[in-house]
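Dear colleague,

Please find the structure below, handed over for your review. A short account of what was found follows.

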Amino acid sequence: MRLTTVERERITDSMLKIQSVRANLDEIDDAKIPNAGEIGACLATADRSLRQALGYARPADEPETKKPE
């Protein structure tokens, strides 16, 4: 089922917010943030899932096709 334009805009906005949070957290020492690794992994998963919903990334279990040389 295809996303509407409004749905795509909402997902894109959320994806950009997640990327912003990831960039901001990268500037802070992980030792100062409880569970920093888990938070980072969660944000990375959310970013990838939103990219998949928008068609920008393949599902993690789908192999990439190798380009002929």
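Asn35 is exposed, with a relative accessible area of 54%. Please bear in mind that this is a predicted model. Asn35 lies in the loop between H1 and H2. Its backbone deserves a remark: most residues other than glycine have a negative phi. The phi of Asn35, however, is positive, near 60 degrees, although the residue is not glycine.

Two packed helices are described by the angle between their axes and the distance between the axes. For H1 (residues 5–26) and H2 (residues 36–54), the axes come within 10 Å and cross at roughly 155 degrees. Because angles over 145 degrees count as roughly antiparallel, H1 is roughly antiparallel to H2. The crossing of these two helices is left-handed.

On the H1 side, the contact is made by Arg8, Ile11, Thr12, Ser14, Met15, Ile18, Gln19, Val21, Arg22 and Leu25. H2 contributes Ile39, Leu43, Ala44, Ala46, Asp47, Leu50, Arg51, Ala53 and Leu54.

One of the H2 residues in the contact is Asp47. With a relative accessible area of 7%, Asp47 is buried, whereas Asn35 is exposed. Which residues is Asp47 in contact with, leaving aside its neighbours within four places in sequence? They are Met15, Ile18, Gln19 and Arg22, and these four are also listed among the H1 residues of the helix contact.

With kind regards

Methods:
Residues numbered from 1 in each chain as written. Predicted model: local features only at pLDDT ≥ 70, side-chain atom pairs only at ≥ 80, totals over all residues. Heavy atoms only, no water. Axes fitted to C-alpha atoms, helices over the stretch in contact; angles between N-to-C directions. Parallel < 35°, antiparallel > 145°, perpendicular 65-115°, else oblique. Left-handed = near helix turned anticlockwise from the far one by under 90°. Contact = heavy atoms within 4.5 Å. Buried < 20%, exposed > 50% of the residue type's maximum accessible area, 1.4 Å probe, protein only.
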